[in-house]
Amino acid sequence: MCLIQHYQFVIMKFFERHNVLFTFIAVAIAIKVVWVAWSCWDHGSFSKEKKEIFQRKDYLVDKVVVTPQRLLDEMPEEIGSQFQGEWALYSCSMLTEALSNMTKIYPDYDYEAKYIIDSLIQIVKSPEIRQYDIDRWGDDPLQTLDGQKGHLSYLSHLAWMIGNYRKISDDDKYDKLHHDLCKTLNRRIRQSKIFNIPTYPNEPIYVPDMMVAIVALSDYAELNNGKYKSTVDEWLKRAKSEWIDKPTGLLVSFISEDGEIYELLKGSYTALNCFYLTKLDHDFAKDQYKKLKAKFRQDFIISGIKEYHDHFCLLGLDVDAGPIILNLSPTGTAFAIGSATYFGDSSFRTRLLKTAEIAGHTIEKENKRHYFLSDFALVGEAITLAMRTNHNRVL
């Protein structure tokens, strides 16, 4: 008994000594719980979320629709010029996708969206934004459309953005450029012995990057009497039979220059693949989303998408996935919101948005909202808005 009483005394003294610290932690946790509950109060339907969606859009427009150099300066210097360029490009293309989505949800929004997307296209066309791609390939992607080099990332995102512009506009401002871009992408895909083209020289095929090109060609086909649809259909057919990871049944993340598939599956890439498939093939997308949840879903502490399904990563840092903590992928979690929204998976979508709130922490100022983390990774704010507005008209 004396020993037990001794330990009880020691524990009591420890808590007394650290009472202020524990009280502070408890209060901080309580405030965070209340904050998250308040911030997510209106989640669940586009009508309830309208105010927040438009507030987040307004913040992004202020931050992204600026001079090209100022946008690049918003990207963290620590990631290097290539990724600064990529993140700036993604910020523009994902904001464009969000704006296009919003016109489907809120039909009276077409007019403003058209002019903002026009500005975003002009930014992406600028020499400053193109420079990251020029540095890797050694020539200009827009001045070498008749050439053989890949330039996949830049050309695909620009074509995707123009497709979204044409869907909501009544002019032909970008019709010729859209035609030239998609003609180039289609030709380079068909001339490739593995039906895929590289993002950069001497690197593997990044399947999510490749899917942007397929989405762009699909949009073009929709606007131009089915032109290039055969390429889209053939790519999807081959994806289902040749580029599937056998253990999981999921579309692979990487393909070698010789057409061999890599065994490594990344949660961030897989979730992004699922999002792009919602633009291409409903049934294939639904099957992949189901398998994504089966292999990559994580509900320990908070819900989200794991970066690795076959091993645990306590702490890690990945330029695509973000800071990996307890195996949770910030980017994978954000991309999964796109499929959850599209398929009406409201329960999981709400969980993912709560995770985004816990990790990102919303700030509301001057009738605008954004996650605190967007001060460090603006692209994440644009991605999340695009994903949470990935509307499916059928639902």
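H178 counts as buried because its relative accessibility is 0%, where buried means under 20% relative accessible area, exposed over 50% and partly exposed in between, computed with a 1.4 Å probe on protein chains only. The residue lies in helix α9, residues 175-191; helices here are DSSP runs of H or I with at least four residues, strands are runs of E with at least two, and both are numbered from the N terminus. Leaving aside residues up to four places away in sequence, H178 touches A159, I162, G163, R166, Y220 and L223, a contact being heavy atoms within 4.5 Å. The side chain of H178 also reaches the backbone oxygen of A159 at 3.5 Å.

This is a predicted model, in which local features need pLDDT of at least 70 and side-chain atom pairs count only at pLDDT 80 or more, while totals for chains, interfaces and linings use all residues. Residues are numbered from 1 along each chain as its sequence is written, and side-chain values use heavy atoms, with hydrogens and water left out.

Seen as a whole, the chain has 16 helices and 10 strands, and 55% of its 395 residues count as buried. Among the contacts in the chain with a separation of 6 or more, 66% are between residues 24 or more positions apart.

The axes of helix α5 (residues 80-105) and helix α12 (residues 267-277) come within 14 Å and cross at roughly 40°, the axes being lines fitted to C-alpha atoms over the stretch in contact and the angles running from 0 to 180 degrees between N-to-C directions. Where the two helices meet, Y90, M94 and E97 in α5 touch L272, F275 and Y276 in α12. The residues of this contact divide into five nonpolar, no polar and one charged, with Ala, Val, Leu, Ile, Met, Phe, Trp, Tyr, Cys and Pro counted as nonpolar, Asp, Glu, Lys and Arg as charged, and the others, Gly among them, as polar.

Helix α16, residues 378-388, is largely enclosed by the rest of the structure, because 10 of its 11 residues are buried. The buried residues of α16 include L378, V379, E381 and R388.

F195, in the loop between α9 and β1 (205-206), has a positive phi of about 60° although it is not a glycine, and it counts as buried at 3% relative accessibility. H361, in the loop between α15 and β9 (362-365), likewise has a positive phi of about 60° without being a glycine, but H361 is partly exposed, with a relative accessible area of 27%.

F343 is placed in the loop between α14 (330-342) and α15 (346-360), and with a relative accessible area of 15% it is buried. The C-alpha atoms of F343 and H282 are separated by 9.3 Å, although the two residues are 61 residues apart along the chain. D320, found in the loop between β7 (315-318) and β8 (322-325), is partly exposed, with a relative accessible area of 29%. Not counting residues up to four places away in sequence, D320 touches Y269 and T331, and its C-alpha lies 9.7 Å from that of K266, a residue 54 residues apart from D320 in sequence.

Notes
A polar contact is a pair of N or O atoms within 3.5 Å; within protein, one must be able to donate a hydrogen and the other to accept it, and residues adjacent in sequence count only if both atoms are side-chain atoms.
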